[in-house]
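Visitor: I have not seen this structure before. Please take me through it one question at a time.

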Amino acid sequence: MNPEERTPPEARPSWHAESVDLELADTRESDLEQVLELEADPDVAPWIAPWSRERHTRAIRERDEAHLRFVDAGGFAGFCLLAGLNDPSGSIELRRLALCRRGEGLGRHALALVLAHIFVKAGARRVWLDVVPANARAIRLYERAGFDSDGLTAATHLLPDGSFSPLRLMSISAPESH
Ligand SMILES: CC(C)(COP(=O)(O)OP(=O)(O)OC[C@H]1O[C@@H](n2cnc3c(N)ncnc32)[C@H](O)[C@@H]1OP(=O)(O)O)[C@@H](O)C(=O)NCCC(=O)NCCS
């Protein structure tokens, strides 16, 4: 029986993956041109700290990190970065999530795929992230998926305008450890 039939919708975690034309795959070094292009997009760059090609290459090769791409019918659809895969506490950082098509509701499907990957495939107990408080779109996405706010860091995050901002810490636990 497929899990969609077995679990009533109201009993599923809010990040439960629905059927959309989106898949998760390992990022290849040959995808990095598209990753760098997406990071440079003026609608994306202010919300992340764009990396060099070398740092992305390291994330692909590092055993403690994961560099994953989203793939839809058109090919490369975005990427996400995970860190702390070897953390003995089972707490994984969702370090970055960026999509080529924004504002179309694709974010919740992408996030559902990532959370399923982290909780089911990687067996993590908790996912945490930090986000610039002004990034209302991303915060809404995370809250809708069931992330809780764990407070603010000190204002040490450098913004593109040269000012410093705190970061909002957010986390979600695996369904069975709620
Ligand atoms: C963050 C991101 C992954 C979200 O994916 P998305 O498909 O664009 O998100 P959506 O369009 O579904 O919007 C998510 C929610 O925010 C809401 N939203 C959109 N813009 C908003 C805004 N300016 N203020 C408040 N809420 C907003 C949407 O209505 C939606 O809420 P809903 O589900 O209740 O309707 C994507 O926009 C992205 O790649 N952004 C650039 C990089 C980034 O900010 N990454 C996150 C930090 S690492």
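Visitor: Which residues come nearest to the ligand?

Guide: This is a predicted model. There are 22 residues around the ligand. Those that come nearest are Trp47, Arg102, Gly107, Ala136 and Arg140.

Visitor: Which element gives the largest share of the shell around the ligand?

Guide: Strand E4 (91-99), H4 and H5 each give two or more residues to this shell. By class, the shell has eleven nonpolar, four polar and seven charged residues. The largest share is six residues, and that share comes from H5.

Visitor: Are H4 and H5 parallel or oblique?

Guide: Helix H4 covers residues 106-121 and helix H5 covers residues 136-145, and their axes come within 10 Å. The axes cross at roughly 55 degrees. Angles under 35 degrees count as roughly parallel, and 65 to 115 as roughly perpendicular. The angle of H4 to H5 therefore counts as oblique.

Visitor: How many residues in the contact of H4 with H5 are charged?

Guide: From H4, the residues that meet H5 are Gly107, Arg108, Leu111 and Leu115. From H5, Leu141, Arg144 and Ala145 take part. The contact divides into four nonpolar residues, one polar, and, as charged residues, two.

Visitor: What is the handedness of the crossing of H2 and H3?

Guide: Helix H2 spans residues 32-39 and helix H3 spans residues 53-61. They pack with their axes 11 Å apart, at an angle of about 125 degrees, and are therefore oblique to each other. The crossing of H2 and H3 is right-handed.

Visitor: Which residues of H3 make the contact with H2?

Guide: On the H2 side the contact is made by Leu32, Val35 and Leu36. By class, the residues of the contact of H2 with H3 are three nonpolar, two polar and one charged. The residues of H3 in this contact are Arg53, His56 and Thr57.

Terms used. Residues are numbered from 1 along each chain as its sequence is written. This is a predicted model: local features need pLDDT of at least 70, side-chain atom pairs count only at pLDDT 80 or more; totals for chains, interfaces and linings use all residues. Axes are lines fitted to C-alpha atoms, for helices over the stretch in contact, and angles run from 0 to 180 degrees between N-to-C directions. Helices (H or I, at least four residues) and strands (E, at least two) are DSSP runs, numbered from the N terminus. Angles under 35 degrees count as roughly parallel, over 145 as roughly antiparallel, 65 to 115 as roughly perpendicular and the rest as oblique. Two residues are in contact if their C-beta atoms, placed from the backbone, lie within 7 Å. Ala, Val, Leu, Ile, Met, Phe, Trp, Tyr, Cys and Pro count as nonpolar, Asp, Glu, Lys and Arg as charged, and the others, Gly among them, as polar. A residue is near a molecule or strand if its C-beta atom, placed from the backbone, lies within 6 Å of it. A crossing is left-handed if the near helix is turned anticlockwise from the far one by less than a right angle, and right-handed if clockwise.
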